[in-house]
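Me: I'm new to this one and would like to go through it slowly. Could you show it to me before I start asking?

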Amino acid sequence: MEERLYDLIFILRPDTPEADIDKVISTLEHAATEKGGKIDSVNKWGRKRMAYRVQKLREGYFVYMVIRSSHGEVVKELERRLKVSDPVIKYLTVRLDEELKRQDKLKRHRERRAARRPRKTAPPAPAMPGAEQAAAPTV
Amino acid sequence: MAEENAQQSYGGGGGGPRPSGPGGGPGGRPGGPAKRGKRNFVRKKKVCRFCVDKADFIDYKKAEILAPFIQERGKILPRRMTGTCARHQRWLTVAIKRAQNIALLPFAAEL
């Protein structure tokens, strides 16, 4: 099976100490590699205001990571861990590879089209003289 | 003046060339000839912002680019308000809903 690409964002309580945040991330990394996946990148967005209140909190510590795996077990395991983890208040996984594929396709399509007709710079002004002639007799 | 108005309405109906009025530039028509016949609204053509940017993908993580497309109460604005093309609106709604799920955008404004 081909490899799939996922986005995983999770939000931790804003009062989580830095050490705990790193611990959560490292356990996730561990779990992912154990199941045969791979974490491409981890990006801490830091404390941000959430758009609505979650568990009576207005702020959260956002962590964003990109995961690569060839089967869904990895995502299942990661989500299970996030669910049981205490400091995590919210998480979201999005599968991205299909959208990237579409993006690629559109890009290639556009490049082909651009290559096919570079000559087209049509003069768009043949209608105007006729219009002036039509107006002239009335005045 | 009256004859010129008639001429204009014919030209407008056919979608053909319109005689430009005295000194009237394109789009800068005075509201004068609105008395008779159909009213001529000059409406600014809205263009899809994502088409202008040639966007192949709308990122749900960038809340600041999605924010102009929701109302203050959190509703997604319809195409007729924003001028977004059908394809991009489709992508946009998905992106907005994802952003809502991870608390980057509100589902509904708080009181």
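Me: What share of the residues in chain B is buried?
Reply: Before the number, please keep in mind that this is a predicted model. Of the 111 residues in chain B, 17% are buried.

Me: What about contacts between residues 24 or more positions apart in chain B, how much do they account for?
Reply: They account for 59% of the chain B contacts that have a separation of 6 or more.

Me: Switching topic: which residues have the most contacts inside the largest nonpolar core?
Reply: That core has 35 residues, and those with the most contacts inside it are Phe10(A), Leu12(A) and Ala99(B).

Me: Which elements give two or more residues to this core?
Reply: From chain A they are the strands E1 (4–12), E2 (38–54), E3 (57–69) and E4 (88–95) along with the helices H1 (18–34) and H2 (73–84), and from chain B there is helix H5 (86–101). The largest share, six residues, comes from E1(A).

Me: You mentioned Leu12(A). What does it touch?
Reply: Not counting residues up to four places away in sequence, Leu12(A) touches Ile21(A), Val24(A), Gly60(A), Tyr61(A), Val63(A), Pro87(A), Val88(A) and Ile89(A).

Me: Where is Pro87(A) found?
Reply: Pro87(A) lies in the loop of chain A between H2 and E4. Leaving aside neighbours within four places in sequence, Pro87(A) is in contact with Leu12(A), Arg13(A), Thr16(A), Asp20(A) and Val24(A). The C-alpha atoms of Pro87(A) and Pro14(A) are separated by 8.8 Å, although the two residues are 73 residues apart along the chain.

Me: And why is Pro87(A) partly exposed?
Reply: Because Pro87(A) has 18 other C-beta atoms within 10 Å, whereas a residue counts as buried at 20 or more and as exposed at 12 or fewer.

Me: Last topic, the helices: at what angle do the axes of H1(A) and H2(A) cross?
Reply: Their axes cross at roughly 155 degrees and come within 9 Å, which means that H1(A) is roughly antiparallel to H2(A). The crossing of H1(A) and H2(A) is right-handed.

Me: Which residues meet there, in H1(A) and in H2(A)?
Reply: Thr27(A), Leu28(A), Ala31(A) and Ala32(A) in H1(A) meet Val74(A), Glu77(A), Leu78(A) and Arg81(A) in H2(A). By class, this contact of H1(A) with H2(A) has five nonpolar residues, one polar and two charged.

Terms used. Residues are numbered from 1 along each chain as its sequence is written. Chains are lettered from A and ligands numbered from 1 in the order in which they are written. This is a predicted model: local features need pLDDT of at least 70, side-chain atom pairs count only at pLDDT 80 or more; totals for chains, interfaces and linings use all residues. A nonpolar core is a set of buried Ala, Val, Leu, Ile, Met, Phe, Trp, Tyr and Cys residues joined through C-beta atoms within 7 Å. Helices (H or I, at least four residues) and strands (E, at least two) are DSSP runs, numbered from the N terminus. Two residues are in contact if their C-beta atoms, placed from the backbone, lie within 7 Å. Axes are lines fitted to C-alpha atoms, for helices over the stretch in contact, and angles run from 0 to 180 degrees between N-to-C directions. Angles under 35 degrees count as roughly parallel, over 145 as roughly antiparallel, 65 to 115 as roughly perpendicular and the rest as oblique. A crossing is left-handed if the near helix is turned anticlockwise from the far one by less than a right angle, and right-handed if clockwise. Ala, Val, Leu, Ile, Met, Phe, Trp, Tyr, Cys and Pro count as nonpolar, Asp, Glu, Lys and Arg as charged, and the others, Gly among them, as polar.
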